[in-house]
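Please look over the sequence and the three-dimensional model shown below before reading on.

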Amino acid sequence: MVRDGDVRALTGLANRMFFNGRLKGDIARAAVLNETVALLIFDVERFQAINDTLGHLVGDQLLALVSERLKPIMREGEVCGRLGGDEF
């Protein structure tokens, strides 16, 4: 569960501190239970060019759109976060 203080206002996704803590806990739990953990990290290609040419407002809108597209595909118990800049 992600609490209000653990999300970024722009995206509504977990912030870096919450995400890192959750990942650390999931890895430790998986080691004890002999299970696996999957982690997918991606960034928005040419995001800096979008900010430079169209402005930070458009860049923020793009980040919000990406987060809105990620939220519905997350399954129960999964966490998606924005780690910084254009990194999810």
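**A guided reading of the model**

By class, the lining of the largest pocket comprises 15 nonpolar, three polar and five charged residues. In this scheme Ala, Val, Leu, Ile, Met, Phe, Trp, Tyr, Cys and Pro count as nonpolar, Asp, Glu, Lys and Arg as charged, and the others, Gly among them, as polar. The model is a predicted one, in which local features need pLDDT of at least 70 and side-chain atom pairs count only at pLDDT 80 or more, while totals for chains, interfaces and linings use all residues. Residues are numbered from 1 along each chain as its sequence is written, and side-chain values use heavy atoms, with hydrogens and water left out.

Rolling a probe the size of a water molecule over the atoms shows where empty space is left. On a 1 Å grid over the protein atoms alone, a pocket is an open set of points where a 1.4 Å probe fits, with protein on both sides within 12 Å along at least five of seven lines, and lining residues have an atom within 4 Å of a point. The largest pocket holds about 580 Å³ of space, a volume being the space filled by probe spheres set on the points, which are joined across faces, edges and corners. Its lining consists of 23 residues, and A38, L39, M74, E78 and V79 lie nearest the centre. Helix α1 (residues 16–33) supplies the largest share of this lining, seven residues.

The protein chain as a whole has three helices and zero strands. Helices (H or I, at least four residues) and strands (E, at least two) are DSSP runs, numbered from the N terminus. The C-alpha trace spans about 50 × 25 × 20 Å along its principal axes. Of the 88 residues, 30% are buried; buried means under 20% relative accessible area, exposed over 50%, and partly exposed in between (1.4 Å probe, protein chains only).

How do two of the helices meet? Two packed helices are described by the angle between their axes and the distance between the axes. The axes of helix α2 (residues 47–54) and helix α3 (residues 56–70) come within 6 Å and cross at roughly 140°. Axes are lines fitted to C-alpha atoms, for helices over the stretch in contact, and angles run from 0 to 180 degrees between N-to-C directions. Helices α2 and α3 are therefore oblique to each other, since angles under 35 degrees count as roughly parallel, over 145 as roughly antiparallel, 65 to 115 as roughly perpendicular and the rest as oblique. On the α2 side F47, I50, N51 and L54 meet H56, V58, G59, L62 and L63 of α3, where contact means heavy atoms within 4.5 Å. The residues of this contact divide into six nonpolar, three polar and no charged.

Single residues complete the picture. S67 belongs to helix α3 and is buried, with a relative accessible area of 0%. Beyond its neighbours within four places in sequence, S67 is in contact with T11, L13 and F88. The loop between α1 and α2 contains N34, which has a positive phi of about 55° although it is not a glycine. N34 is exposed, with a relative accessible area of 72%. R46 is found in the loop between α1 and α2 and has a positive phi of about 60°, although R46 is not a glycine. R46 is exposed, with a relative accessible area of 62%.
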